[in-house]
Amino acid sequence: SDLGTVTVNPIPETILGPGIVCAGSSIILTSATLGGSWISGSANATVAGAGTTCTVSGVSAGTATISYVVGSGCLRTAVITVNPLPAVITGPGNVCVGASVTLSDVTPSGVWTSANSSIATVNATTGLVTGMAAGSTQISYTTTDGCSRAQTMVVNPLPAAISGPAQLCTGSSAAFSSSPSTARDLHSFCSRQALPSWFLPLPALRQGQYGLSHRNRNLRRLSL
């Protein structure tokens, strides 16, 4: 019988690079074999690039088989795991200097970090953010698989000190101001009457003494 010739082509070199990517992030894969093309076998990840290097971008949680195919049809594969992002961070996006707000994320076992602790600090476990100086920074929540969400936190400066008298007689009125807000008039009232919403009693002070507070929390005491 006639004998045929069979050519055995080599498979590409091993694919190198991380085996895990977060949804919304990218990794780089390489193979030393020249002249191949990259293919993703799943919608969980996309590939971009030609030659020995490609970028794999995570799309949704799951796995994706990434193949590197050369002209002979031989290929090398790598299975990439796409980890999900944490849930969306909830909570205020701004805080005043010296004040605190709490951020939360329903995804368990994560850690909170601040990109710039001179602007705002955050408790790693509770998500309590404290404004340190005016500006903005990124507050991130990172899960055990290394995937993270971030939220911009704007730290607002305190207004200038409230100006106005420290004492006021019952039945009289006075003007108080704090830049950049306009002056407000404190009209006649006695200490047992309802106070305007912007005039906040301080329980720690003795009866007849109150704290006049700007909405950004600058404070001046007032005695009646």
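Analyst: Strands here are DSSP runs of E with at least two residues, numbered from the N terminus, and two strands count as paired if DSSP finds at least two bridges between them. The model is a predicted one, in which local features need pLDDT of at least 70, side-chain atom pairs count only at pLDDT 80 or more, and totals for chains, interfaces and linings use all residues. Residues are numbered from 1 along each chain as its sequence is written, and side-chain values use heavy atoms, with hydrogens and water left out.

E11 and E12 form a hairpin with 5 residues between the strands, where Gly-127 takes a positive phi near 80 degrees.

Another part of the model holds an open sheet of 3 strands, in the order E2-E5-E4 and with antiparallel pairing. Its edge strands are E2 (26-30) and E4 (45-48), each of which pairs on one side only. Neighbouring strands of this sheet are turned by 30 degrees against each other on average, direction ignored; the axes are lines fitted to C-alpha atoms, and angles run from 0 to 180 degrees between N-to-C directions. E4 and strand E5, residues 53-58, run antiparallel and are joined by 4 bridges, with Val-47 opposite Val-56 of E5.
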